[in-house]
Amino acid sequence: MVQVAERDREFPSLAAEFWLYATRHPEAMELISAKLAEQMRGLEPLIAAAMERSGARAELSAGEMTVLALVLFDGLVRQRRIDPAAVPDDLFARALRALFATTA
């Protein structure tokens, strides 16, 4: 998360601009949705394997946990851009561990 936040410092702003545009243009939202679905398909098997290793219960599916992981990542990258001190380098990893632990 830190590498992404520090490497692509303008990306959160650009992503927000794309999202705002897409809320007013359904065809753009379809493109964003398709790209997000592609990311989720790639990440979901990793999340499923992590859930299995941690003994996570089926209250949340691997797909739902993938959504949560992506949203958490996105939010932390944005927050780190706003206030770096509020987002320690290891916060994303610790938050994921806590999320998996609450479903174990």
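In the predicted model, the side chain of R80 reaches the backbone oxygen of V87 at 2.7 Å, a polar contact being a pair of N or O atoms within 3.5 Å, of which, within protein, one must be able to donate a hydrogen and the other to accept it, with residues adjacent in sequence counted only if both atoms are side-chain atoms. R80 belongs to helix 4, residues 62-82; helices (H or I, at least four residues) and strands (E, at least two) are DSSP runs, numbered from the N terminus. R80 is buried, with a relative accessible area of 10%. Buried here means under 20% relative accessible area, exposed over 50%, and partly exposed in between, with a 1.4 Å probe and protein chains only.

This is a predicted model, in which local features need pLDDT of at least 70 and side-chain atom pairs count only at pLDDT 80 or more, whereas totals for chains, interfaces and linings use all residues. Residues are numbered from 1 along each chain as its sequence is written, and side-chain values use heavy atoms, with hydrogens and water left out.

The protein chain contains five helices and zero strands, in the order α-α-α-α-α along the sequence. Its C-alpha trace spans about 40 × 35 × 20 Å along the principal axes. Of the 104 residues in the protein chain, 24% are buried. Among contacts (heavy atoms within 4.5 Å) with a separation of 6 or more, 55% join residues 24 or more positions apart.

Helix 4 also holds T66, which is buried at a relative accessible area of 0%. When residues up to four places away in sequence are not counted, T66 touches M40, L43, E44 and I47. E44 is part of helix 3 and counts as partly exposed, at 32% relative accessibility. Its contacts, leaving aside neighbours within four places in sequence, are with A62, G63 and T66. A polar atom of the E44 side chain lies 3.5 Å from the backbone nitrogen of G63. The C-alpha atoms of E44 and G63 are 6.0 Å apart in space, and the two residues are 19 apart in sequence. K35, also a residue of helix 3, is partly exposed at 46% relative accessibility. K35 and R53 are 18 residues apart in sequence and 28 Å apart in space, C-alpha to C-alpha.

Helix 2 (residues 11-24) has 14 residues and reaches 20 Å from its first C-alpha to its last, close to the 20 Å expected at 1.5 Å a residue; the expected span is 1.5 Å times one less than the number of residues. P12, A15 and A22 are the buried residues given for helix 2. They cover an arc of only 85° around the axis, which puts them on the same side of helix 2; the arc is that of the directions from the helix axis to the C-beta atoms. The buried residues of helix 2 pack against helix 3 (26-54) and helix 4. The face turned away from this buried side carries the exposed residues E17 and R24. R24 has a relative accessible area of 55%.

Helix 5 has twelve residues, and its reach of 16 Å from first C-alpha to last is close to the 16 Å expected at 1.5 Å a residue. In helix 5, F92, L96 and F100 are buried. Seen down the axis, these buried residues fall within an arc of 70°, so they line one face of helix 5. An α-helix has 3.6 residues a turn, so residues three or four places apart point the same way. Helix 3 and helix 4 are included in what covers the buried residues of helix 5, while R97, A101 and T102 are exposed on the other side.

The largest pocket holds about 850 Å³ of space. On a 1 Å grid over the protein atoms alone, a pocket is an open set of points where a 1.4 Å probe fits, with protein on both sides within 12 Å along at least five of seven lines, and lining residues have an atom within 4 Å of a point. Of the 25 residues lining the largest pocket, F11, A15, L36, Q39 and D74 are the closest to its centre. Helix 2, helix 3, helix 4 and helix 5 (91-102) each give two or more residues to the lining. The largest share, nine residues, comes from helix 3.

Key:
Grid points are joined across faces, edges and corners, and a volume is the space filled by probe spheres set on the points.
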